[in-house]
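Work through the exercises below with the sequence and the coordinates side by side, trying each task before reading its solution.

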Amino acid sequence: MELLAPFALLALLGLGLALGHPEPALDQHWQLWKKSYGKEYQPQVGISWGEDSLRRLTWEKNLWLVTLHNLEHSLGLRSYTLGMNHLADMVGAGSTSQ
């Protein structure tokens, strides 16, 4: 599986998040991430959003934040890198509380 270039990934993520729909180009990445961390969610039923879709959108948002942060790191604007982990499908996983 070939990973997307950071700029292409940012463009795809931005579009998908703006529309509120999962980005199809990330389907394999989503499935691999769930398999890696043993994640299973309830699918969509009828017209309502399922847990899988909601977690997917959160995961994509966090992937976008991690990718953007790491791009800034590569430009010398950040002193450390971030990565996706088992918490990437949770709201607030990439932020700190004040």
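Predicted model: local features only at pLDDT ≥ 70, side-chain atom pairs only at ≥ 80, totals over all residues.

Residues are numbered from 1 along each chain as its sequence is written, and side-chain values use heavy atoms, with hydrogens and water left out.

**Exercise 1.** Describe the secondary structure and the burial of the protein chain.

Step 1: The protein chain has 3 helices and 0 strands, and its pattern along the sequence reads α-α-α; helices (H or I, at least four residues) and strands (E, at least two) are DSSP runs numbered from the N terminus.

Step 2: Of the 98 residues in the protein chain, 28% are buried, where buried means under 20% relative accessible area, exposed over 50%, and partly exposed in between, with a 1.4 Å probe and protein chains only.

Step 3: Among contacts with a separation of 6 or more, 63% come from residues 24 or more positions apart, a contact being heavy atoms within 4.5 Å.

**Exercise 2.** Find the salt-bridge partner of D52, and decide whether each of the two residues is buried or exposed.

Step 1: A salt bridge is a side-chain nitrogen of Lys or Arg within 4 Å of a carboxyl oxygen of Asp or Glu, and the structure holds 7 of them.

Step 2: D52 pairs with K34, with 2.7 Å between the closest N and O atoms. This pair links distant parts of the chain, since D52 lies in helix α3 and K34 in helix α2 (residues 27-37), 18 residues apart.

Step 3: D52 counts as buried because its relative accessibility is 18%, and K34 counts as buried because its value is 11%.

**Exercise 3.** Trace the salt bridges of R55.

Step 1: R55 forms a salt bridge with E51, the closest N and O atoms being 3.5 Å apart; both residues lie in helix α3, 4 residues apart, about one turn of the helix.

Step 2: R55 also forms a salt bridge with D89, again with 3.5 Å between the closest N and O atoms. Here R55 in helix α3 is linked to D89 in the segment after α3, 34 residues apart.

Step 3: D89 counts as buried, at 2% relative accessibility, while R55 is partly exposed at 26%.

Step 4: K39, E51, R55 and D89 are linked in a network of salt bridges.

**Exercise 4.** Locate H69 and list its contacts.

Step 1: H69 lies in helix α3 (residues 51-74) and is buried, at 7% relative accessibility.

Step 2: Leaving out residues up to four places away in sequence, H69 touches R78, Y80, T81 and L82.
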